[in-house]
Amino acid sequence: MRHSAEPFFENFLSEHLARHPKAGLPVPGTPDAKVVYKTWLKLLNQIEGLSYDTLTTASERLVAEPASERKHFTTLVAFAREAIIAKKPEGKRQDLATREGAEQASKGCDRCGGMGLTTVWRRLPVPERTPATVAAHCVCALGRWMRRYWERDPAMLRRIPDLDDVLNGRSVWLAEEPSQIERRNHYRPF
Ligand SMILES: [Zn+2]
């Protein structure tokens, strides 16, 4: 969903004008101001993830690193974009605790395709009634989220292998087909 800057724009603008008295910005209430600030709002609405905080950070930075009158607004926008990016890593870390955030982070995972579950193979000759393959929790964010989720049911958690164990040799399961491994081990170049 696109967020609008409208709810905080008026508040921001009055603070911004007080912060930059010498920037040559139009005085609110004049016809000039109406056109200029309407355009500002329209352009600010196009910036994804913009908030009162990130825009204020940009405005404050503009005090320390002033721009020419002509470049005042473009510089404000550039600083706001940088403030949004600077805020992101923290947000991402928090997100991994939620299923939605973990799904986002695991999108395109080359082990599970973003599903959180991936196939593992049985190591030893397969007894007839045992399946040769089973689903394991992936090592990516979604797989980790699933393991944390199933901690509430230890019996269930034990039933589903952890790919992390498989990759580190702590499991009876293999991360690839035994016949593939066999073929590679018997490969003779001459
Ligand atoms: Zn994965």
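Predicted model: local features only at pLDDT ≥ 70, side-chain atom pairs only at ≥ 80, totals over all residues.
**Helix 3**

Helix 3 runs over residues 52-64, and its 13 residues should span 18 Å at 1.5 Å a residue. The end C-alpha atoms are 19 Å apart, which agrees with that expectation. Five of its residues, Thr 54, Leu 55, Ala 58, Ser 59 and Leu 62, are buried. They lie on the same side of helix 3, because the arc they cover around the axis is only 140°. Asp 53, Val 63 and Ala 64, on the other side of helix 3, are exposed.

**Ala 80 and its contacts**

Ala 80 belongs to helix 4, residues 72-95. With 24 other C-beta atoms within 10 Å, Ala 80 counts as buried, the cut-off being 20 or more. Apart from neighbours within four places in sequence, Ala 80 is in contact with Ile 47, Leu 50, Thr 54, Leu 55 and Ala 58. Thr 54, Leu 55 and Ala 58 are also among the buried residues of helix 3. Between Ala 80 and Ala 58, which are 22 residues apart along the chain, the C-alpha separation is 4.9 Å.

In soluble globular proteins, nonpolar side chains tend to be buried together. The largest nonpolar core here has 13 residues, of which Val 120, Cys 138, Cys 140, Ala 141, Leu 142 and Leu 163 touch the most other members. Two or more residues of this core come from each of strand 1 (117-122), helix 6 (141-150) and helix 8 (163-167). Helix 6 gives the largest share, three residues.

Not counting residues up to four places away in sequence, Val 120 touches Thr 133, Val 134, Ala 136, Pro 161, Leu 163, Val 166, Trp 173, Leu 174 and Ala 175.

| Core | Number of residues | Residues named |
|---|---|---|
| Largest nonpolar core | 13 residues | including Val 120, Cys 138 and Leu 163 |

**Helices 5 and 6**

Helix 6 also packs with helix 5 (residues 99-106), at an angle of about 150° and with the axes 7 Å apart. Angles over 145 degrees count as roughly antiparallel, and helix 5 and helix 6 are therefore roughly antiparallel to each other. On the helix 5 side, the residues that meet helix 6 are Arg 99, Ala 102, Glu 103, Ala 105 and Ser 106. Their partners in helix 6 are Ala 141, Leu 142 and Trp 145. Ala 141 and Leu 142 are also named in the largest nonpolar core.

Notes. Residues numbered from 1 in each chain as written. Helix = DSSP H or I, 4+ residues; strand = E, 2+ residues; numbered from the N terminus. Expected span 1.5 Å × (residues − 1). Buried ≥ 20, exposed ≤ 12 C-beta atoms within 10 Å, placed from the backbone. Arc of directions from axis to C-beta. Core = buried A, V, L, I, M, F, W, Y, C linked by C-beta atoms within 7 Å. Contact = placed C-beta atoms within 7 Å. Axes fitted to C-alpha atoms, helices over the stretch in contact; angles between N-to-C directions. Parallel < 35°, antiparallel > 145°, perpendicular 65-115°, else oblique.
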